[in-house]
Amino acid sequence: MGDQIQFIVEKLNQEPFRKNYNLISFDSLEPLQLLQLLSDVLGEIDPKHAVDIREELPEQTAKRMLNLLGILKYKPPGTLSDLSAFRQGLVTGSKTVIHPVLHWLLQRTSELRTRAYLARFLVKLEVPAEFLQDDTVADFNQQYEELMEAFKNLHKENEQLKISGLSTAEIRRDISAMEEEKDQLAKRVERLKKRVETVQNHQRMLEIARQLRLEKEREESLAQQKQEQKSQLFHAEQKLQRAQVQLKEMQHMVADSKPDSLMKKLEEEMNFNSYLVTEKIPREMESKKTSVYFLQKVVAEPAMTQADLTALESERDEVNAEINQLIEKRMIKYEPTDSKFSMYRQQASIISRKKEAKAEELQAAKEEMSSLERQMEQKSSQAHELKGSEVLTEDEFKQYVSKLRSKNTFYKKKRLEIAEITAEFGILQRTEELLRQRHEAIQQQLQATEEKKGISGYSYTQEELERVSAVKSEMDEVKGQTLDNMSEMVKKLNAMVAEKKASLAPVIKELRQLRQNCQ
């Protein structure tokens, strides 16, 4: 155990920590300081964990550290019960738990840093099965897995290139080849100069070529400036869009909110800030000042020997015994009024602790909300850069999820119906096959019986007669329908003829009179 602590102190005094600890100062660290030290070491391995543990709850700190230790494949010693004790010790900042973790981390910092870097890209994101029913989500998940495999291959190639460095002989050969090429280029330049000097007005032509080169360089710089200005314009447009979105949100909040709610919100925020300024922060400053005073006092004292440590331990035991005696005396002289006051004091202390915990939770929630807002702005800007669709709001995403769930339910229902129909179709096919086989067997038995009785072909003839009679009945039905149609048509023609006769009767009478007149 002493060698372990000495190794930890040596590593912490080196770069990049530079803590300037000795064995006594390191062993006298409080649980909160030990947890902060462990968080600093984890932050050196993974920069996302370089946080101040005072700004988060103990449960969040323990959960964050346990997640990273799980990614780094740290195996705490012991059985399942020891694992629960390990988690509890990590929450409370126990030395028996944190010292082995620090020793394990400081032994293999570079290896763990590489492992933490790879974990950011290789820890697979689990997508629920109901979301994978959507084609878009499934395509994105497949692209995500393909990119993960590509990253693995590229990382392997990078490591192989780092391991297989060029030898000094190859570098020397490359240098000698480049020097030979330099000499050849110098000779070629000399030949070209001699050839140009024989040409008329070569100075003027050289000047024109130099101006052309300068203009080309200027054109390239102008194109680069144009590209930079385009990118600046694009970023400015994005900033303007974000500002417009924020303005719309603020206008919406102002339009929906009432003066009473705004005043109430401002009062709550003012009360919280005043609590931080008047109670929480001064208390923390006082505790920090006290700890700094004791630390300075410890640093100012000379190095202690084992005899000094023994004397201090004996003095500590005497003081603890005296405190226990005083407590016993106070309990003997206990009075009911004091019990009431102690009960009230206990309730007040519980309420103050709850208040502090809720204030810390509120502050952590605000910080988390601000970080999430920044992440949302970054993601929206990335989506605009990729010319993607607009990011869904919370209500739109809920509607999309509910629609997706309803579609999934409808799909499952239809798939179940299809499965039932398929099963029924299989049963009907099997029934048809059995009936066909039974029919064939009965036909064979009937033919054998007809041959035996000497009336072979009777069943066939009977079937043909039945078929012909059926056809005849169909034809009779068609003929009857045709006759009905014809009688109906004759009735219609007779009615039309009678109608025409009735319409022509006056004309015929007039024609007869005209004929008589004509005669």
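Modeller: A contact here means heavy atoms within 4.5 Å. On that basis, 60% of the protein's contacts with a separation of 6 or more join residues 24 or more positions apart. This is a predicted model, in which local features need pLDDT of at least 70 and side-chain atom pairs count only at pLDDT 80 or more, while totals for chains, interfaces and linings use all residues. Residues are numbered from 1 along each chain as its sequence is written, and side-chain values use heavy atoms, with hydrogens and water left out.

The pLDDT, the predictor's confidence in each residue from 0 to 100, averages 79 over the protein, and 89% of the residues score at least 70. Residues 335-339 stay under 50, and the model has two contacts beyond four places in sequence for them. Where pLDDT is low, the predicted coordinates should not be read in detail.

Now the core. A nonpolar core is a set of buried Ala, Val, Leu, Ile, Met, Phe, Trp, Tyr and Cys residues joined through side-chain atoms within 4.5 Å. Buried means under 20% relative accessible area, exposed over 50%, and partly exposed in between, with a 1.4 Å probe and protein chains only. The largest nonpolar core has 31 residues, and the members touching the most others are Leu-12, Phe-26, Leu-38, Leu-72, Leu-102 and Leu-105. At least two residues of this core come from each of α1 (2-13), α3 (31-45), α4 (58-71), α5 (80-92), α6 (95-107) and α7 (109-122).

With residues up to four places away in sequence not counted, Leu-105 touches Leu-38, Val-41, Leu-42, Ile-45, Leu-69, Leu-72 and Leu-112. Two of these partners, Leu-38 and Leu-72, are also listed with Leu-105 among the members that touch the most others.

Asp-46 lies in the loop between α3 and α4. Asp-46 counts as buried because its relative accessibility is 6%. Leaving aside neighbours within four places in sequence, Asp-46 is in contact with Leu-68 and Ala-116. The C-alpha atoms of Asp-46 and Arg-113 are 6.5 Å apart, although 67 residues separate the two along the chain. Ser-25, in helix α2 (residues 23-27), is also buried, because its relative accessible area is 18%. From Ser-25 to Val-9 is 9.7 Å, C-alpha to C-alpha, for a gap of 16 residues in sequence.

Buried residues make up 14% of the 519 residues in the protein. The protein exposes about 43,000 Å², and carbon and sulfur atoms supply 57% of this area; accessible areas come from the Shrake-Rupley method with a 1.4 Å probe, and for residues only the protein chains shown count as cover.

There is also a nonpolar patch on the surface, formed by Ile-171, Ile-175 and Met-178, with about 270 Å² of accessible area together. Patches are made of residues with over 30% relative accessible area and no salt bridge, with like charges joined within 9 Å and nonpolar side chains (Val, Leu, Ile, Met, Phe, Trp, Tyr) within 5 Å. Met-178 sits in helix α10 (residues 168-197) and is exposed, because its relative accessible area is 52%.

A salt bridge is a side-chain nitrogen of Lys or Arg within 4 Å of a carboxyl oxygen of Asp or Glu, and the count by this rule is ten. One of them joins Glu-149 and Lys-152 at 3.7 Å, N to O. These two are three residues apart in helix α9 (residues 135-163), so about one helical turn separates them. Glu-149 is partly exposed at 42% relative accessibility, and so is Lys-152 at 32%.

Helix α15 (residues 394-453) holds Lys-414 and Glu-417, three residues and about one helical turn apart. In their salt bridge the closest N and O atoms are 3.6 Å apart. Lys-414 is partly exposed at 34%, as is Glu-417 at 31%. In helix α15 there are also Arg-436 and Glu-432, four residues apart and therefore separated by about one helical turn. The closest N and O atoms in the Arg-436 to Glu-432 salt bridge are 2.8 Å apart. Arg-436 has 42% relative accessibility and Glu-432 has 44%, which means that Arg-436 and Glu-432 count as partly exposed.
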